[in-house]
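Dear colleague,

Please find below the structure that I am handing over to you. My notes on it follow directly after.

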Amino acid sequence: MRLSLWVEEEMQRRFGSKRRAKEEILARYASFVYMGNGQYGIARAAEYYFGRPIATFTMDDADKAALLAGIAKSPRFYAPSAQDTERVLRRRNQILVLMASTVLSLRTG
């Protein structure tokens with residue numbers, strides 16, 4: 001916990017605001033997180049699993065984005081190549097619900 005607080009303080013000092021520090025921490029995490037099958041980073045995983053850059057994803061690809069978001073919890077169990085496809089889809093659906101509730105709270109809040 002101390003380490004995470006120290007990292008956040010250092011990033012805040014470097015980037016000038018707490019919000020920018022958190023954005024940078026998330027961006028770095030997203031670039032280095034293990035996504036299964038020897039893939040590191042969400043961008044690489046999008047290309048590996050779906051054959052295209054994440055920058056080309058649209059709202060119609062929310063299911064793919066949700067699947068990618070769910071992998072980091074446990075690549076062994078939630079990557080598209082996992083044995084138990086029902087578990088993968090259940091995790092994807094959980095993420096879709098979270099994404100939808102976030103969008104709704106942003107619109108109403």
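In which loop is the place of Asn 37? Asn 37 sits in the loop between H2 and H3. Please bear in mind that this, like everything below, comes from a predicted model. Asn 37 is not a glycine, and yet its phi is positive, at about 55 degrees. With a relative accessibility of 37%, Asn 37 counts as partly exposed.

Overall architecture

The protein chain contains 6 helices and 0 strands, and its pattern along the sequence reads α-α-α-α-α-α. Along the principal axes, the C-alpha atoms fill a box of roughly 45 × 40 × 30 Å. Of the 109 residues in the protein chain, 25% are buried.

Helix H1 covers residues 2–15 and helix H2 covers residues 18–32; the two pack at an angle of about 115 degrees, and their axes are 8 Å apart. H1 and H2 are therefore roughly perpendicular to each other, since angles from 65 to 115 degrees are counted in that way. Their crossing is right-handed. On the H1 side, the contact involves Val 7, Glu 8, Met 11, Gln 12, Arg 14 and Phe 15, which meet Lys 18, Arg 20, Ala 21, Lys 22, Glu 24, Ile 25 and Arg 28 of H2. By class, the residues of this contact are 5 nonpolar, 1 polar and 7 charged.

Glu 8, which is found in helix H1, has a relative accessibility of 15% and so counts as buried, the cut-off being under 20%. Leaving out residues up to four places away in sequence, Glu 8 touches Lys 18, Ala 21, Lys 22 and Ile 25.

The pair H3 and H4

H3 and H4 pack at an angle of about 120 degrees, with 10 Å between their axes. H3 is therefore oblique to H4. The crossing of H3 and H4 is right-handed. H3 contributes Ile 42, Ala 45, Ala 46, Tyr 49 and Phe 50 to the contact, and H4 contributes Lys 64, Leu 67, Leu 68 and Ile 71. The residues of this contact comprise 8 nonpolar, no polar and 1 charged.

Within helix H4 (residues 62–71), the buried residues are Ala 66, Leu 67, Leu 68, Gly 70 and Ile 71. Their cover includes helix H3 (42–50), helix H5 (75–78) and helix H6 (85–108).

In soluble globular proteins, nonpolar side chains tend to be buried together. Here the largest nonpolar core has 12 residues in all: Val 33, Met 35, Ala 45, Ala 46, Tyr 49, Phe 57, Leu 67, Leu 68, Ile 71, Ala 79, Ala 82 and Val 88. H3 and H4 are the elements that give two or more residues to this core.

Which residues does Val 88 contact, leaving aside its neighbours within four places in sequence? They are Leu 67, Phe 77, Tyr 78, Ala 79, Pro 80 and Ala 82.

With kind regards

Key: Residues numbered from 1 in each chain as written. Predicted model: local features only at pLDDT ≥ 70, side-chain atom pairs only at ≥ 80, totals over all residues. Heavy atoms only, no water. Axes fitted to C-alpha atoms, helices over the stretch in contact; angles between N-to-C directions. Helix = DSSP H or I, 4+ residues; strand = E, 2+ residues; numbered from the N terminus. Parallel < 35°, antiparallel > 145°, perpendicular 65-115°, else oblique. Left-handed = near helix turned anticlockwise from the far one by under 90°. Contact = heavy atoms within 4.5 Å. Nonpolar A, V, L, I, M, F, W, Y, C, P; charged D, E, K, R; others polar. Buried < 20%, exposed > 50% of the residue type's maximum accessible area, 1.4 Å probe, protein only. Core = buried A, V, L, I, M, F, W, Y, C linked by side-chain atoms within 4.5 Å.
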